[in-house]
Amino acid sequence: MRTALLLTASMALLAARPMQIDDMFKVARVADPQRSGRGALAWQVGTVDLAANTVTTHLWLETPGGEPKALDLGPGSQSRPRFSPDGASLCYQQGGQLWILELETRKSRQLTTLAGGASTARWSPDGKWIAFLSTTVPSGDPAENAAYLKAREDRKADGRVITNLMFRHWTEWKDPMQRTHLFVVPSDGSAAPRDVTAGLAYDVPTPFDFASGDDFDWAPDSRHLAFAANPAQDTAVSTNGDIFEVALDGGKPVDLSSFNKAQDTTPRYTADGKYLVWRAQRVPGHESDKFELWAYDRAAHKVAKTTKDVDLSAGEYHLVANGVLFSADHEAQLELFRWDWATGKVAQLTHGLAFSAFQPLDGTHVLAALSDTATPPDIYTVDLGTGARTRVSRHNEALAKDLGLNRAESFWFTGAAGKGGKAPRVQALVVKPVGFDPRKTYPMAFLIHGGPQGQWDDMWSYRWNPEVWANAGHGFVTVMVNPRGSTGRGQAFCNEISGDWNGAVMGDLLKGLDAALKRYPNVDPKRVAAAGASYGGYAINWIAGHYADRFACFVSHDGVYNLDSMTTTTEELWFPRWENKGWPWENRKLYESASPHLAAAHFKKPMLVVQGEQDFRVPIEEGLQNFQAHQLRGIPSELLYFPSEGHFVLKPANSKLWHETVLGWIERWTK
């Protein structure tokens, strides 16, 4: 950690120029590192073309003893490189289908041509099969699916008859006749793809954002597959996903985890086939409950080992000799841990690193995509014994040196008193502008994260990047508090926000502001701009009606404004039900005491509202109500509306407009 900080500091001294908004689009989007059994490495790199308003992804390959090179696989994007077990072939996605590249000849062939597309390839251990996902009619028949899609395209009417919940999700309207199913195809292309979950009226795997990696796996015998699914028809209100096993030849899937009424996801077989490991939660309806690792004994038909006594929520994981390597949020980082099956203990392996993806190389090293707030991602190998990193790729090295950004600093303070009167220690991150001068006065950007169960990471981000706030403009000291509800501080700390969105967490945020102003006395307390998205937008809306005098202006991006309308128009309905301890007609006291819209009479400071039309998580009604309330009250306010964006602003041109508008707004009101 010390070496990394010294390196970042020295880079800052050598900075050739200030960061600009356009620099965000010069960053190569490096991700998904993979290693073959022959020692070759592959990963994907996304390149932004602002003029074309596109992000194009290509694959890179490094063979043993060679230099990394981009693969020439034709026009368009390629993604998700996956080596065959013998290391001779590489499967990848292109044009919505699967392709195979023979590495020796560098010849590629198209493997699938399904009308419903093909994605998420996973090789069988014997290399003879590839399992993948495709969208289909429930029967799984390709001809029937193609006919249905053609008939749907030819329809003149565009009305929908909706008969149940979860009729739309994230940014997509759902068609009950279109389900994601699990398919297999011979890797040599000798037979057509086949749906091994044919006839199921639900999605395989679970279509919600619970998995950490592929949500299915091959058994070592290459004759069975495990997958996660939520077969309940009330998927909008249930988090009860189960682990199923199905034979390669098809047949009725067997539910292995029906005993657990909470979420089960991300199954992985051990090499000997004795155990099936998966991530599991214990509390039904609570999407942010701790994810434990469970090892299911396939012969005994019971869970034999768990990490229930470890206060970490497991993310991405990989099976290794007699144990598991996994990542978990930990104090503003995404660190690696090892669960040792011989001792039952979990040990932290890395310190001060943020792993966005990793692959074990041997017993002591991993291949990983790493970054920090000042350094865009690249591929490295990491020694798990020493923490030493060895660079594999250099896609963003020159840009990082050119910008010389300051890495986030961490500080701790005493938060608000919570249950039992105890006040916990709370962590915050601060990013200072390049060339920060303690004798100069600065404005502050005070950022509030969403979730609410999440955390600000010391990691590069393509959205809400603190370096942009700190450097691409007037130079804001950028403060990010991880208050009650944040991950990375244990499950009890995370749980404290549920049913208390406007309570202790608000105390943490305001105490964090006080602590930051004390730590950096050259920050002008009258020039503090506050901004947040999703729950962070809720917090902005609440603060605007209750603590407005502490801030110069606000930015609320896709923020919850009216708890009643949010609860009854969002799609993942288990979320507001859990967070608000019931429906609006069941818990009026909480809804009326915690909804920001009821304090509109106290709004007084300038507000920029950002809203995407395609946001089904925090629907557009929230942003429109917020903006119109400010307009009706005569308060300076603007609405940045994106008709084609959802909860996230992803198109490059829209992202640039977002940055220009948001930074322009806070600069305008903090002069």
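# A chat about the predicted model

Visitor: Hi! How many disulfides does the structure hold?

Guide: The structure holds zero disulfides, a disulfide being a pair of cysteine sulfur atoms within 2.5 Å. This is a predicted model, in which local features need pLDDT of at least 70 and side-chain atom pairs count only at pLDDT 80 or more, while totals for chains, interfaces and linings use all residues. Residues are numbered from 1 along each chain as its sequence is written, and side-chain values use heavy atoms, with hydrogens and water left out.

Visitor: And Cys-91, is it buried or exposed?

Guide: Cys-91 counts as buried because its relative accessibility is 0%. Buried means under 20% relative accessible area, exposed means over 50%, and partly exposed is in between (1.4 Å probe, protein chains only). Cys-553 is also at 0% relative accessibility, so Cys-553 counts as buried.

Visitor: How much of the protein is buried?

Guide: Buried residues account for 58% of the 671 residues.

Visitor: What about the overall size?

Guide: The C-alpha atoms fill a box of roughly 70 × 60 × 55 Å, taken along the principal axes.

Visitor: Pick a helix for me. How far does H12 reach?

Guide: H12 covers residues 652-669, which is 18 residues, and reaches 26 Å from its first C-alpha to its last. That is close to the 26 Å expected at 1.5 Å a residue; the expected span is 1.5 Å times one less than the number of residues. Its buried residues include Trp-658, His-659, Trp-665 and Glu-667.

Visitor: And how many residues of H6 are buried?

Guide: Twelve of the 16 residues of H6 are buried, so H6 is described as mostly covered. Among them are Met-506, Asp-508, Leu-513 and Ala-516. H6 runs over residues 504-519, and its end C-alpha atoms are 22 Å apart, which agrees with the 22 Å that its 16 residues should span.

Visitor: Switching topic: how many salt bridges are counted?

Guide: The count comes to 33 salt bridges. A salt bridge here is a side-chain nitrogen of Lys or Arg within 4 Å of a carboxyl oxygen of Asp or Glu.

Visitor: Where do Asp-154 and Lys-150 lie?

Guide: They both lie in helix H2, four residues apart, about one turn of the helix. Asp-154 is partly exposed at 40% relative accessibility, and Lys-150 is partly exposed with a relative accessible area of 47%.

Visitor: Why would residues four places apart point the same way?

Guide: An α-helix has 3.6 residues a turn, so residues three or four places apart point the same way.

Visitor: What does Arg-391 pair with?

Guide: Arg-391 forms a salt bridge with Asp-378, with the closest N and O atoms 2.9 Å apart. Arg-391 is in strand E30 (residues 389-391) and Asp-378 in strand E29 (residues 375-383), so the pair ties together parts 13 residues apart in sequence. Arg-391 is partly exposed at 24% relative accessibility, whereas Asp-378 is buried with a relative accessible area of 1%.

Visitor: Which residues are joined into one network?

Guide: Salt bridges with shared partners join Asp-378, Arg-391, Arg-394, Glu-397 and Lys-401.

Visitor: Last one: where is Gly-485?

Guide: Gly-485 is in the loop between strand E34 (477-482) and helix H5 (491-495). At 0% relative accessibility, Gly-485 counts as buried.

Methods. Helices (H or I, at least four residues) and strands (E, at least two) are DSSP runs, numbered from the N terminus.
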